[in-house]
Amino acid sequence: MLNDSQLKPATGLQLDAIPDYCVWDGSIVRTKMLAMIWSLVGDKEVNILDVGCGEARMWRPILENIPNISLYGFDPSPSSVLLAEKELDGMKANIRHGDVIRLETMFPEAAEFDLIVSHSVLEHVVPREVYFGAVSKRLKNNGVALISWGSDHFRQGVRTDIRNVISRILAKLGIEQYYAAEVDELWAKDQISKAGLDINLLHYYSLVELKKLFRLAKGVSRRKIFQDWICVEEEFNCTAQGDSRLMTSMDETFTILTKK
Ligand SMILES: C[S@@+](CC[C@H](N)C(=O)[O-])C[C@H]1O[C@@H](n2cnc3c(N)ncnc32)[C@H](O)[C@@H]1O
């Protein structure tokens, strides 16, 4: 398990205390992931796996600034893989086409990973039962997994509700790339435990209305509002822990896992 000081970028994030390349303007979860990576890696040689890397948009700044990171990422979307390769051209990054179902045999050159990151992927995985077990198998003992999943696709009104229903029918027919279904929290906790992983933190972020309002923030106020927004949501996570109303108001769940 991580100690309080190791968890600080996730529990008491101060934007002024982290490098600018870890600040992802407007995304609390991405900023926390990058800040955790920066603080855990230090000057150690580490390998990081990004499960469902998409276009790998969050990596270039951190790889440019922390050359002791070797990144491995994969995604089932061929077009995203091409864009990710282009994005990380010249960096210490290996990007492949692949699915979490086949993670066990992917990247044979790196048996286990120090850190595993997966942002907004779990809600799209079919079948989702494989996910935490696959992550656990490739995580080193005492390694850390930074994982988030989203709920925003399920609260945008009738059009997205219809799209989600169709995506599930398509997945049954073998067309999985549009799949999105809400992640049940009790199910996730059970799967995490069965996979032999410990939950160090499980928080909810990105209050839907604040996320929309943040678009109005400009100039120097923008950074201050972002910091205040982070503090407010951290405080809610402390005070309303276990209250399902917090979970249902927020767009993202962020969990930090370690391997027993
Ligand atoms: C919302 S995108 C997030 C992409 C990226 N992680 C990011 O934060 O920018 C969801 C990603 O999950 C990927 N995905 C869906 N099913 C997957 C699976 N079975 N294994 C790995 N990745 C998957 C999709 O291809 C897509 O790139």
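A residue counts as near a molecule or strand if its C-beta atom, placed from the backbone, lies within 6 Å of it. Of the 16 residues around the ligand, Gly-52, Gly-54, Val-100, His-119 and His-124 come nearest. This is a predicted model: local features need pLDDT of at least 70, side-chain atom pairs count only at pLDDT 80 or more, and totals for chains, interfaces and linings use all residues. Residues are numbered from 1 along each chain as its sequence is written.

**Ligand shell**
- The shell around the ligand holds 6 nonpolar, 7 polar and 3 charged residues.
- Ala, Val, Leu, Ile, Met, Phe, Trp, Tyr, Cys and Pro count as nonpolar, Asp, Glu, Lys and Arg as charged, and the others, Gly among them, as polar.

**Helices α1 and α2**
- Helices (H or I, at least four residues) and strands (E, at least two) are DSSP runs, numbered from the N terminus.
- Helix α1 (residues 4-11) packs with helix α2 (residues 28-41) at an angle of about 155°, and their axes are 8 Å apart.
- Axes are lines fitted to C-alpha atoms, for helices over the stretch in contact, and angles run from 0 to 180 degrees between N-to-C directions.
- α1 and α2 are therefore roughly antiparallel to each other; angles under 35 degrees count as roughly parallel, over 145 as roughly antiparallel, 65 to 115 as roughly perpendicular and the rest as oblique.
- Gln-6, Pro-9 and Ala-10 of α1 make the contact with Lys-32, Ala-35, Met-36, Ser-39 and Leu-40 of α2. Contact means C-beta atoms, placed from the backbone, within 7 Å.
- By class, this contact of α1 with α2 has 5 nonpolar, 2 polar and 1 charged residues.

**Helix α5**
- In helix α5 (residues 131-138), 6 of the 8 residues are buried, so the helix is largely enclosed by the rest of the structure.
- A residue is buried if 20 or more other C-beta atoms lie within 10 Å of its own, exposed if 12 or fewer, and partly exposed in between; C-beta atoms are placed from the backbone.
- The buried residues are Tyr-131, Phe-132, Ala-134, Val-135, Ser-136 and Arg-138.
- Their packing partners include β1 (46-51), β4 (113-119) and α7 (185-194).

**Backbone features**
- Val-126 and Pro-127 are joined by a cis peptide bond, with omega about -10°. Pro-127 sits in the loop between β4 and α5.
- Ala-56 is not a glycine, yet its phi is positive, near 55°. Ala-56 is buried, with 23 C-beta neighbours inside 10 Å.
- Asn-142 also is not a glycine and has a positive phi of about 70°. Asn-142 lies in strand β5 and is exposed, with 11 other C-beta atoms within 10 Å.

Key. Contact = placed C-beta atoms within 7 Å.
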